[in-house]
Amino acid sequence: MHKWAGALSPLLFYLHSMGLGYGYLALLAYLFLTNTLLGYINLDLIKNEKEWLFKGWMIAHVAFSAVITILVFFHVGTVFYYK
């Protein structure tokens with residue numbers, strides 16, 4: 001379910017916003033799309049058994065996800081504050 005949601009998330013992002021925005025919205029968009037690409041090249045795809053590669057991939061993917069989550073909450077808060 002996680003992989004399908006991640007694979008289809010760029011389509012939902014495009015429907016939500018057809019532009020990348022400015023400032024923190026651009027950062028959010030770039031991090032989101034980079035993390036999506038990182039998810040696409042997961043270890044099921046590259047078929048590598050090296051533990052350091054898995055750990056590096058997982059740390060990067062989770063770290064990007066954490067930063068994206070913080071930026072999403074900031075974005076939602078900003079939207080509701082200025083509405």
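Reader: Which helix gives the most to the lining of the largest pocket, and with how many residues?

Author: This is a predicted model. In it, H4 gives the most to that lining, with 10 residues. Helices H1 (2-16), H2 (24-40), H3 (43-46) and H4 (51-81) each supply at least two residues.

Reader: What makes H3 (43-46) a helix?

Author: A helix needs at least four residues in a DSSP run. H3 covers 43-46, so this element meets the cut-off of at least four residues. The chain has 4 helices and 0 strands, and the order of its elements from the N terminus is α-α-α-α.

Reader: What volume does the largest pocket have, and which residues are the closest to its centre?

Author: The volume of the largest pocket is about 920 Å³. Of the 34 lining residues, Ser9, Phe32, Asn35, Thr36 and Ile68 are the closest to the centre.

Reader: How do you know which residues of the chain are buried, and what share do they make up?

Author: A residue is called buried because its relative accessible area is under 20%. Residues that pass this test make up 20% of the 83 residues in the chain. The chain exposes about 6600 Å², of which carbon and sulfur atoms supply 76%.

Key: Residues numbered from 1 in each chain as written. Predicted model: local features only at pLDDT ≥ 70, side-chain atom pairs only at ≥ 80, totals over all residues. Heavy atoms only, no water. 1 Å grid on protein atoms, 1.4 Å probe; cavity = no way out; pocket = protein on both sides within 12 Å on 5 of 7 lines; lining within 4 Å. Points joined across faces, edges and corners; volume = space filled by probe spheres on them. Buried < 20%, exposed > 50% of the residue type's maximum accessible area, 1.4 Å probe, protein only. Areas by Shrake-Rupley, 256 points an atom, 1.4 Å probe, with all protein chains shown as cover.
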